Protein chains: 6
Amino acid sequence: MNISVSRKAHFNAAHRLHNSNWSDEKNARVFGKCNNPNYHGHNYNLTVSVAGPVDSETGYVIDVKDLKDLIKTEVEDRFDHKNLNLDTEEFKNLNPTAENIAAVIWKLLREKLDERYNLKIRLYETERNFVECEG
Amino acid sequence: MNISVSRKAHFNAAHRLHNSNWSDEKNARVFGKCNNPNYHGHNYNLTVSVAGPVDSETGYVIDVKDLKDLIKTEVEDRFDHKNLNLDTEEFKNLNPTAENIAAVIWKLLREKLDERYNLKIRLYETERNFVECEG
Amino acid sequence: MNISVSRKAHFNAAHRLHNSNWSDEKNARVFGKCNNPNYHGHNYNLTVSVAGPVDSETGYVIDVKDLKDLIKTEVEDRFDHKNLNLDTEEFKNLNPTAENIAAVIWKLLREKLDERYNLKIRLYETERNFVECEG
Amino acid sequence: MNISVSRKAHFNAAHRLHNSNWSDEKNARVFGKCNNPNYHGHNYNLTVSVAGPVDSETGYVIDVKDLKDLIKTEVEDRFDHKNLNLDTEEFKNLNPTAENIAAVIWKLLREKLDERYNLKIRLYETERNFVECEG
Amino acid sequence: MNISVSRKAHFNAAHRLHNSNWSDEKNARVFGKCNNPNYHGHNYNLTVSVAGPVDSETGYVIDVKDLKDLIKTEVEDRFDHKNLNLDTEEFKNLNPTAENIAAVIWKLLREKLDERYNLKIRLYETERNFVECEG
Amino acid sequence: MNISVSRKAHFNAAHRLHNSNWSDEKNARVFGKCNNPNYHGHNYNLTVSVAGPVDSETGYVIDVKDLKDLIKTEVEDRFDHKNLNLDTEEFKNLNPTAENIAAVIWKLLREKLDERYNLKIRLYETERNFVECEG
């Protein structure tokens, strides 16, 4: 039997989809309204799922408080109330699509989590669109 | 790391569960209220998840607008505000259980999606019941 | 200070919007897809709110179990898994719009509730559309 | 008995809280992270509620399709995927707090709605914060 | 035009419905499973709505951060992860029904809020039952 | 193509996290507020997913009514409105963390389900924390 624990979090950010190697016309055609030069924004909702053995003394896979603190340090403090394109190192040269944001978050958390855990995240860009990363 | 993109959609339809090879008594016993001869209905909520490589130029697994349009053409235009038993080819001879509706939708989308993608869908018949298909 | 207690319930039904005094053309033009002759359907979600004094012995405005039973008898047993146009007395000659369904439910509950209570209902036809009745 | 019909909609936008009559220090102290010079953003969820008499021929207070179109023209086309501070006339000189955005939306819709209707809106800035306007 | 700002919060608590003036038989008959001597519990979800004039300098009815802090101090710190019957002064001699909990919260917040504000709260005991207080 | 059917259920319970082999200090340090000696509680939301072949005669993986009844008998009747530590056999000597509760539920259901089915459950302790078990 495989067990995982999940914790939800959220952050609010501005972004713009843009490929600087392309013309303005191509950017507008491919990214549509998401290419608006003055940015738009989202409430990003994040679910982080950590799978692993249950500790027999605590009954925990991971202490949810530790997971909550890890998400705060690695994700919320970094991206909340930021302009992803202008205010963050991660998206200076990486297009902040939901896929790329999710992959960046997955890697940031993966580096800090003990190797015994499997990690999966889900990132909602809107209530109707989300991305999942697992590895 | 495996990445997928998901899009939510919905359609409202009438249906009746019925097996024409069975007696009325057996249909009533097996399908209960869902066998009502005059039909009942649901708001079907659909989540379509497409997994595959992230395109390095766009940062997309798939353009969500393309996915939204595909769901509209293949699912919403076909089933929204319809009587599944009477108004659709797919359920003329197939009992429109949530399982069968989900399998039909999965096949309709699978035929139109590039082979490089994996496809998974979730179909809510009510807020308390849903079916998932993956392949 | 005014206090109310609310209880959620739900039923699934088929319906068709139609005015028998109108031509088919006018019905199609005014009601669009909702005029489909073979019906479509919805998961109707209902919230019933009852306001009144708090009983000092129980600490209740109304026993939620009694309210739940009342909704079951008056609403769910009457409309769940039914075709509103064909299977119910209430909508034989009344167009089953969300407004009319809500008004009928309000009256059915109002008749059974003690006069000391104020009654308000909210009826979701879909997650995006709802009607409220208060009196 | 009072009846209202409600419709949900949404738009995604960037904004910054700022009072140009104040020093940078005061803006930072009062508006905190929401004063970020490079903007942040939200998925704004909007519920528009219209109360009035039920038309005896249609069974409608208002045709929800008309209400949906009105919200699209007056709200979504104007604010979706925009930077509220930079891209809109309404917030060039008005701080785009949730209160002010809601009041602007209420006035835009009020001007277009027939006088016989009462209008109420709810605007979610996040899942945890919302504003209501009624008049 | 009337404007209000709302903030959501939550706390998790154990409770038991019991009237010490009644026999065990009457308590069991009236309160059913909620009378379990060893308690049961809920995730209480709270929405606090504050109505008043919009400050022309800030664009706020009330700073949501102040409202969040007030809810934390007056409600969450007092009731979160507590046994309402045993661990709180408020329900030592008051039956902790949803109605009574909501009324207590309303009074606690009312005392701390400026008189210019109107106050309304909604307390969910479960996703299907909630109480509203307004005054 | 793999198909599963899911059903949601819920129960409300009190619990306390505690390891009787540890000192009070260690219990307080590790479990924090969840170690409150007088218990606290939650609305537990459960999703049970059953995967298997679709029966060609019924169009069902499993009759959702049977699944609903199974969850009622094995889970709701056992845990609803109970103190998990005091009122249940399962948690007399097992710390009722979300992980342990989910594992117990998974085993209770697994024993009653036909071997041809795969079983997966998700248990929400709060709206922000959940555990998944699959085997």
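Modeller: What follows is a walk through the contact between chain B and chain C, and then through some residues and chains beyond it. Please keep in mind that this is a predicted model, so every value below is computed from predicted atoms.

Let us begin with the extent of the contact, to which chain B gives 24 residues and chain C likewise gives 24 residues. Putting these two chains together buries an area of about 1900 Å², and carbon and sulfur atoms account for 42% of that area. On the side of chain B, the residues that lose the most area to chain C are B:Asn38, B:Asn43 and B:His81, which together make up 29% of what that side buries.

As for where the touching residues of chain B come from, the elements that supply two or more of them are strand E1 (2–15), strand E2 (40–51), strand E3 (82–83) and helix H3 (84–87) of chain B. Of these, E2(B) gives the most, with five residues on the side that touches chain C. When the residues on that side of chain B are sorted by class, five are nonpolar, 12 are polar and seven are charged.

The two partners are also related by symmetry, for a rotation of 180 degrees, with 0.0 Å of shift along its axis, superposes chain B on chain C with an RMSD of 0.0 Å. The two copies are therefore related as by a two-fold rotation axis. Both copies use the same surface, since 100% of the contact residues of chain B recur in chain C.

B:Pro37 sits in the loop between helix H1 (24–31) and E2 of chain B, and because its relative accessibility is 53%, B:Pro37 counts as exposed, the cut-off being over 50%. Although B:Pro37 and B:His18 are 19 residues apart in sequence, their C-alpha atoms are 8.8 Å apart in space.

B:Thr88, in turn, belongs to the loop between H3 and helix H4 (98–112) of chain B, and because its relative accessibility is 3%, B:Thr88 counts as buried, for which the value must be under 20%. The side chain of B:Thr88 reaches the backbone oxygen of B:Leu84 at 2.7 Å, and a polar atom of that side chain also lies 3.3 Å from the backbone nitrogen of B:Phe91. If residues up to four places away in sequence are set aside, B:Thr88 touches B:Arg78, B:Phe79, B:Lys82 and B:Asn83.

C:Tyr39 lies in the loop between helix H1 (24–31) and strand E2 (40–51) of chain C, and its phi is near 75 degrees, a positive value in a residue other than glycine. Most residues other than glycine have a negative phi. C:Tyr39 counts as buried because its relative accessibility is 14%.

Finally, we can turn to the other chains. Chain B does not touch chain D, their nearest C-alpha atoms being 14 Å apart, and no contact joins chain B to chain E, where the closest C-alpha atoms lie 12 Å apart. Chain D does have a contact with chain A, and that contact takes 24 residues from each of these two chains. The area buried between chain D and chain A is about 1900 Å², with 42% given by carbon and sulfur atoms. Two salt bridges are counted between chain D and chain A, and one pairing is that of A:Lys33 with D:Asp80, whose closest N and O atoms are 2.7 Å apart. A rotation of 180 degrees with 0.0 Å of shift along its axis superposes chain D on chain A, and because 100% of the interface residues of chain D are also interface residues in chain A, these copies meet through the same surface.

How values were computed: Residues numbered from 1 in each chain as written. Chains lettered and ligands numbered in written order. Predicted model: local features only at pLDDT ≥ 70, side-chain atom pairs only at ≥ 80, totals over all residues. Heavy atoms only, no water. Contact = heavy atoms within 4.5 Å. Buried area = accessible area lost by both parts, 1.4 Å probe. Helix = DSSP H or I, 4+ residues; strand = E, 2+ residues; numbered from the N terminus. Nonpolar A, V, L, I, M, F, W, Y, C, P; charged D, E, K, R; others polar. Least-squares fit on C-alpha atoms with pLDDT ≥ 70 in both. Buried < 20%, exposed > 50% of the residue type's maximum accessible area, 1.4 Å probe, protein only. Polar contact = N/O pair within 3.5 Å; in protein donor to acceptor, adjacent residues only side chain to side chain. Salt bridge = Lys/Arg side-chain N within 4 Å of Asp/Glu carboxyl O.
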